[in-house]
Structures are given as C-alpha cells and as structure tokens.
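Hello,

Here is the structure we talked about handing over. Please have it open while you read the notes below.

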Amino acid sequence: MCDRVDMVSELDNVEKTMSPKKRNIPGKMIWSRQKIMIINIYKDMKLKSPSKPYKEMMVEISNITGIGRNSIVSIISEYKKTGTVTSPNKTRNKKCLFDSIDDLDRNALRQKVHSFWLRKEIPTIDKILHAVNEDPALPDFKRTSLYSLIKKLDFVFTKRKRCSVLTEREDLLVWRQNYLYDVRKYREEGRTVYYQDETWLNAGDCVDKVSVDQSIRSKHDAFNKGLTTGVTNATGKGKRLIIVHIGSHKGFVDGGLLFFESKKNSADYHDEMNGDNFHEWFKSILPRLDPNSVIVMDNAPYHSVRTEKIPTSSTKKEDIISWLISKNVVIDQKMFKPQLLAKVKEIKGQYMSYVVDNMAKDAGHNILRLPPYHCELNPIELAWAMVKGYVKQHNTTYKIDDVKLLLNTAIERVTSENWQNFLQHVKTEEEKMTEVDENMDAIIDNLEPCVLTITGDTSNSDDDL
C-alpha cells in the first residue's frame, strides 16, 4: 500500500515538473502516420461520447496532439470523403542542367561553337553535339539538352534570308569586340593591366588519380612488404576557403591575397561574397597598383553594385516621381507610370555607374569588364589552376588550417614568368576571338539563300537547327 502511495506521489511530482505540450509548427507537414493517430482518437471519442459536440471534439483532439484545429478538421473531413489519409507530396527542386556544369565546361561549349567559325564552317546543333560528345573531357548531352544549354550561353539563331545561323547575341558580340579593342589599346599605351578573380578550395580537395604499385594485392601484402596503402580518400568536400586575388605580368600583387572560411553550404562560391566585403578588399588593393593601371574583372554581382538605384517597373510611382524631380526633370504630376519610366529611360545612362568603377577612377585607374562566359580571356584562371594543382597534390591531412598553409605556399610559387606565359596564352585566345568575329561577319554577310539545308517546318526555330 505504501509503495502505491509513493508511486501516486511521484506521478504528481512528474506532472508538476513536466514541460508544456509542444504545438505543431504552423505550415509543417503532417504525415499519414500522424493523421492515422488523429483518426483513431476521433473514433475513440465517438465511441465513448457519441453525444459530445463535434467542435468540442476538434478542440480536444487539437489539445491532445498539439496540431491546429483547422488541420484536425481537414484531416477528418478527408477521411470521411475518401476513407483513407495520405502524406503530402514532397516537392523536389530539380537542378537545372545549366547549373550542374561548371564555368570551365560552359566555356568549353562556347569554344566548340567558335571552333566551327574558326574553320569558316557554319555551326549547327547536330555538328556541335557530335563534337561535344566526342570530347572525353566534356559530358555527353542529348540534342535537346545541348540546345537548351546553347541558348543559356546566349547564343541565338539569327535569320539570314531563308537560312538560320547560330551566332551569339548581338549585344554580347559588341561587348566582346569592344573589350578586345580596349585591352589591346591599353597595352599599347604601356598601362599595366591587372586581372582580378575569386575562386575556392575545399579542405578535402586532393588529386583525382595517383600512381599505385600493381604488385600490391592487399593491405596484408602491403604490411608484409613494409609499405602503406596510403591515406583514406577524401570526399573533396569539407570546409571551404573563398579566395580573392589580383595579378599582372609582374605576378600576383604583394599583399593582395584575401581568403576566408565559407559559412554557407552553397554550391556557388559567389554566394559567400557581398558588395561590402569586396569593396573593403578592393579599397586596400588600389594603393598597391601601378599608377594609371587597368583592372580586368568579371560581372559578379558584388563587382557591379551601383552607386545609385535607378527606378524600374517594380518601383512605386511616387518613388519614380521623387527620383525624376531630384534630377531636375520637369514632369506633370498627372503622368502615368509608363510615361514616367520613359523619362527615366531617357536620362538613366547619365546616372548608371558602379561603386568599384568610381573607387578606381578616384585612384587614377580604369575598370574593364570581361564579357560573360569568357574566362579564357582572364590569365588568373591559369594561375588558379596552378595553385589548386599544388594544393591538391600536397593535401594529405584534409584539414582546413593545413590547406591555408598550402595555399600561401602555392601562391608564392606562381612567378612572374608563369604569369607572362599565362598572358601569352590569353593573347592567343584574343586573336582567335577576333578571327571568329571576322569569319562570322564575312560568312553571314555573303550568305546566299538555301546555303543551308533545313529539314522540317522552317517556321519552327527548333527545326531550323
């Protein structure tokens, strides 16, 4: 009897110290197993208290389970209609094919297209598909997938008379041609051209292939011969370093290296950098550069933070009016939004500038931006390949602190002679680009009707491929 009293007393104490019942998080999925439990509680209540009001049952079930009353009502209603319950469908975000290949593969695809123009041959999807799938360094693609990727790389099929020709978007062609003209002009003027870029390294990065002794048949065999079977293979993952640097024909700029550990679990290392971080680094770099130099960089979002936000169609009407008035534009307050945006379009060119461009200009330098998907025109990409190769070759611990030490050593090993070789390679690529554009101009300009044999319905752009 005494034991039973003690047990009751203990239960009372547990109830007093017990934490409050947890409620289901709003919006959290309720799975079929939970739904079955709710249905069983409802059936039990109906059996024991058939006269109990429905609303009271719903409130009581909600209190017991911690699930919202509206959800309880929906679950029981679903069961009454169908006689069963189901789990919610899990939506999976399908990764876009374009996002699943890296910048080097994208660049290689672009070069495959350019190779046809270099040979003065008109590229078609079928020809490109054959060339890409024959290259062991590139993934195999289906025709439709390749066509989608080509469009994502801003290639377009331009109509010339009755023919369809694969070219790049006109604005990108102009961008590339202007870039090639400007970078050559700056070199001829004797100005130092610096190339800037970001990259990444994982703690688990190591060489993909190693030499092995084929005479070793097992770990036991290796042990008997006094040999080791080597370190455990790394996954290539682990903590990540985000790396920023800048260099010229003289080599990497002294004191220009910035690296920090990634805090995000993102596939794209660009997500780690923001405008404030980049601007702080960039400001520290400018005094280290030669006077009146040129800085080449790509079009990452943090490179292109605008000094002033220009109104767009998503801007509120009153904000557009305020912006126009601040620019001394005379407007009629009764103007509609499309009219106001037309006014913005007329003058926005005067106010479109970037923070880094202004920082460079104030320090006596110029910014030159690479055209999209043209990383072969940046010699620092070859420097990164050399740096990463060294780190992977010597990474045996897969610890981020050791990778940092290897990174510093690898950077020091890239000499000015290496950079001059990288630049010579880039100049060769620039000449190829110029030849591509010249051949494209000549071939398209002289294209006669029916030079291309097009099968299918010529009104459908896909069939023109």
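This is a predicted model: local features need pLDDT of at least 70, side-chain atom pairs count only at pLDDT 80 or more; totals for chains, interfaces and linings use all residues.

Gln 196 sits in strand β3, which covers residues 193-202. Its relative accessibility is 0%, and because buried means under 20%, Gln 196 counts as buried. The side chain of Gln 196 makes a polar contact of 2.4 Å with the side chain of Glu 198.

What does Gln 196 touch once its neighbours within four places in sequence are left aside? The list consists of Val 244, His 245, Ile 246, Phe 278, Trp 281, Ile 295, Val 296, Met 297, His 303, Asn 378 and Ile 380. One of these, Ile 380, belongs to helix α15 (residues 380-394), and that helix is the subject of the next two sections.

**Helix α15 with helix α17**

Helix α17 spans residues 416-445. The axes of α15 and α17 come within 9 Å and cross at roughly 130°.

Sorted by class, the contact of α15 with α17 has six nonpolar residues, two polar ones and no charged ones.

**Helix α15 with helix α16**

Helix α16 runs over residues 400-413. Its axis and that of α15 come within 9 Å, with a crossing of roughly 135°, so α15 and α16 are oblique to each other. This crossing of α15 and α16 is right-handed.

Which residues of α15 meet α16? They are Trp 384, Met 386, Val 387, Tyr 390, Val 391 and His 394. From α16 come Val 403, Leu 406, Leu 407, Thr 409, Ala 410, Ile 411 and Arg 413. By class, the contact of α15 with α16 has ten nonpolar, two polar and one charged residues.

**The chain as a whole**

The chain has 17 helices and eight strands. Of its 465 residues, 37% count as buried. Among contacts in the chain with a separation of 6 or more, 70% come from residues 24 or more positions apart.

Regards

Note on methods: Residues are numbered from 1 along each chain as its sequence is written. Side-chain values use heavy atoms; hydrogens and water are left out. Helices (H or I, at least four residues) and strands (E, at least two) are DSSP runs, numbered from the N terminus. Buried means under 20% relative accessible area, exposed over 50%, partly exposed in between (1.4 Å probe, protein chains only). A polar contact is a pair of N or O atoms within 3.5 Å; within protein, one must be able to donate a hydrogen and the other to accept it, and residues adjacent in sequence count only if both atoms are side-chain atoms. Contact means heavy atoms within 4.5 Å. Axes are lines fitted to C-alpha atoms, for helices over the stretch in contact, and angles run from 0 to 180 degrees between N-to-C directions. Ala, Val, Leu, Ile, Met, Phe, Trp, Tyr, Cys and Pro count as nonpolar, Asp, Glu, Lys and Arg as charged, and the others, Gly among them, as polar. Angles under 35 degrees count as roughly parallel, over 145 as roughly antiparallel, 65 to 115 as roughly perpendicular and the rest as oblique. A crossing is left-handed if the near helix is turned anticlockwise from the far one by less than a right angle, and right-handed if clockwise.
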